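Here are my notes on this one, as promised. Have the viewer open while you go through the points.

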Amino acid sequence: MSNTTQDPDPSETPSVAGSDAATPSVAGSDAATPSVAVPTLPDGAFAWHRLIGVDELDVGRVTAVTVERESLCVTRTDTGFGCLANACPHQGGPLGEGSIEGGWLRCPWHGYDYSPSNGKPPPPFDDAPAAYRTEVRPDGVYVALPVSATRTRTVSDQLVETMTAWGVGWVFGMVGHSNLGFADALREAEARGSLQFIGVRHEGAASFAATAYGKLTGSLAACFAIAGPGSTNLLTGLYDAKMDRAPVLALSGQVPSSVRGRGAFQDTDLSAAFADVARYSQTVQAGSDAAELMNLACKTALVECDVAHLVLPDEVQVLPAPGGGRSDAGSPQGRTGDRAVSPAASALDAAIDVLSGAARPMIIVGHGARSGIDDIVALAEAIDAPVATTFKGKGLIADQHPLACGVLGRSGTPIASWFMNEADALVTFGVSFANHTGIASYKPIIQVDFDPMALGRFHAVTVPMLADVGVAARAFAEAFRSRAVPGTAAAEVAARWDIWRAEKQSRRDDDRGSGMNSAVVFEALSRLVPADAIMTVDVGNHAYSFGRYFEPCGQTVLMSGYLGSIGFAFPAAMGCWAATQRAPGVDGSPWAERSVVSVSGDGGFGQYAMELTTAVKYGMNITHVLLNNGELGKISKEQRAAELDVWQTSLHNPGFASFAQLCGAMGREVTSADELDSALSDALAHRGPALVEVMTDPLLV
């Protein structure tokens, strides 16, 4: 459409009501019969709504106004006010952001012209936006709009109803232009109490939060993003889920199918982008069995403990659902079975033979043993075996238990490594055999895992046992119930703890005048963090110190294990906080009402620092402990170990405690050990997000 000098005819004012007598015309017009086709509604099928004050819009200006859900373009010319749908018929340009030139309303996107009174374009064009009657009253300008029809149930509603049936009660993400239809279905579900949505500041935080929720509970949460960069921002958190075997559901908006593959704005091949990270990834097309695709996505995520992903093209999201009622939504009924698999008799006999011949057996538990830890501890007591954890399994057994040895490996205690060297047989439950843990491969090993691919993954083991860890532990304990055991392990464990605690005490006295040492910080946290707290730990020097010095007494600990992603802790804490809430799908959860404490360095917190505003917005009760040493301390340490110069690891930081206060959270800075207990206690008692910034020495780790 080219520009024209022909003046528009403001007298052609379309009617949206069935009775001209009941529907006043635009001021200054003669209410002539419109030449623009508009819907004719029965008498009374419209309602008057106030748009703006009479003096709010100058002559020759245009503005956008939202009435209920409808976005409207309001114009004012010498002849009066006009009201059009706020979307250019060409490509949906926002007419309310346009301008009036030569008497014509010009679309800001492509320069198409329309009458500001009735929306009619200049000849020979006939694509007009919907136009509505206006009336000037003493208190403002009013518009007659059709009475809103009942909301049509969409494919997105069908998908959301299916995923909530599978237990998805939390969705973390960002609403944007290519996921609006699905977002509206989420809004409807939230309004009826089926789920809760957390709007984040960066999509990476959404995927970390959903991943942590899966690691903690074994249940599904979802992360949600737009096409292109919104979805690619999800990938790091999703890789963390994949590598640590956590179930998570990812939902991506997509550009309209009509422009897909043609270089459109944010047109990205999401199927290719997610091909490696997602165990299941499908696009919901027009005509797809949407409920079944969501069924398979949720089932795959839960059964495989992996990432499932659905791509939602823009136009498909708002298609009418094919069924017309919620009966067409999917559910988990009849789709999964009991996964508490018993060990094969031959494997059980072989394992008992190994244990019967061992004088000094040792048990090692990893994150995969979380569901059966009580049975495993009972087994340890039955066979008098010390218990060590992997770093990912830290806290599964309290360090105060008479048989607990702490963490084994690079992030661990000398207690665990001593017993590893002394053991003559090892029983591992849910352990991945990472080189970071350092399990001695030359010793007789009984490996119990639910995943057949995990058995003997890096090297052959003596007895690979495919079973649920709790079921296997109970079977072992039953076999040894009537056998006498030495009963000497607890005394040995206590002696080794005495040696290690004396060493930790000496390290707490270290002071170079450059900040506090990590031993002091984690000794205080060991005393003050509630025993039932959930703790998320970031990546860096502080994490190694946490593994060595923090003594868990019942806390649940989560971290980015195999991926080892910096920035994990705080967004993961948001996901854990969600699990503590009395929300859809988690009523009666063992995590309800527990404290959430996250620990990071300054480098890690800086990655997602603005999520502190998310925590404030939703009133998240998270205590964040930030060890600020002014650098990427772990990298500096590695450069020194490699006999390289320390280079580009220093950081320019704000005052994080002050930053927290600016965000609306509690913020406290700690510069000396005598301030530590008070600051931590106040933060832990605070209802809402709190940050304690501890100034630490990068060399005293």
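1. Ile100 sits opposite Leu105 of strand 6. Strand 5 and strand 6 (residues 104–106) are joined by three bridges and run antiparallel. For pairing, DSSP has to find at least two bridges between two strands. The open sheet here has three strands in the order 5-6-7, with antiparallel pairing. Its edge strands, each pairing on one side only, are strand 5 (99–101) and strand 7 (113–114).

2. A word on provenance: this is a predicted model, where local features need pLDDT of at least 70 and side-chain atom pairs count only at pLDDT 80 or more, while totals for chains, interfaces and linings use all residues. Residues are numbered from 1 along each chain as its sequence is written, and side-chain values use heavy atoms, with hydrogens and water left out.

3. For the overall picture, the protein chain has 21 helices and 28 strands; these are DSSP runs numbered from the N terminus, with helices being H or I of at least four residues and strands E of at least two. The C-alpha trace spans about 105 × 60 × 45 Å along its principal axes. Of the 701 residues, 54% count as buried (under 20% relative accessible area; exposed is over 50% and partly exposed lies in between, with a 1.4 Å probe and protein chains only). Take the contacts between residues at least 6 apart in sequence: 70% of them join residues at least 24 apart. Contact here means heavy atoms within 4.5 Å.

4. Now look at strand 10 (residues 140–146), where six of the seven residues are buried. Strand 1 (residues 46–52) pairs with strand 10 in the antiparallel sense over six bridges, and Arg50 stands opposite Tyr142. Strand 9 (residues 134–137) also runs antiparallel to strand 10, with four bridges joining them. In that pair Thr134 faces Val143. Strands 9 and 10 form a hairpin, with two residues between them.

5. On to the helices. Helix 3 (residues 203–217) packs with helix 5 (residues 235–243) at about 15°, their axes 7 Å apart; axes are lines fitted to C-alpha atoms, for helices over the stretch in contact, and angles run from 0 to 180 degrees between N-to-C directions. That makes helix 3 roughly parallel to helix 5 (angles under 35 degrees; over 145 is roughly antiparallel, 65 to 115 roughly perpendicular, and the rest oblique). The contact is made by Ser207, Phe208, Thr211 and Lys215 of helix 3 and by Thr236, Gly237, Leu238, Asp240 and Ala241 of helix 5.

6. Staying with helix 5, the buried residues are Leu235, Gly237, Leu238, Asp240 and Ala241. Besides helix 3, these buried residues pack against elements including strand 13 (222–225), helix 4 (229–232) and strand 14 (248–254). Last pair: helix 14 (residues 518–528) and helix 15 (residues 541–549) pack at an angle of about 55°, with axes 9 Å apart. That makes helix 14 oblique to helix 15. Ser518, Ala519, Phe522 and Ser526 of helix 14 meet His542, Ser545, Phe546 and Tyr549 of helix 15. By class, this contact has four nonpolar, four polar and no charged residues (nonpolar covers Ala, Val, Leu, Ile, Met, Phe, Trp, Tyr, Cys and Pro, charged covers Asp, Glu, Lys and Arg, and the others, Gly among them, are polar).

7. Leaving aside neighbours within four places in sequence, Ser518 is in contact with Ser545, Tyr549, Leu627, Leu700 and Val701.
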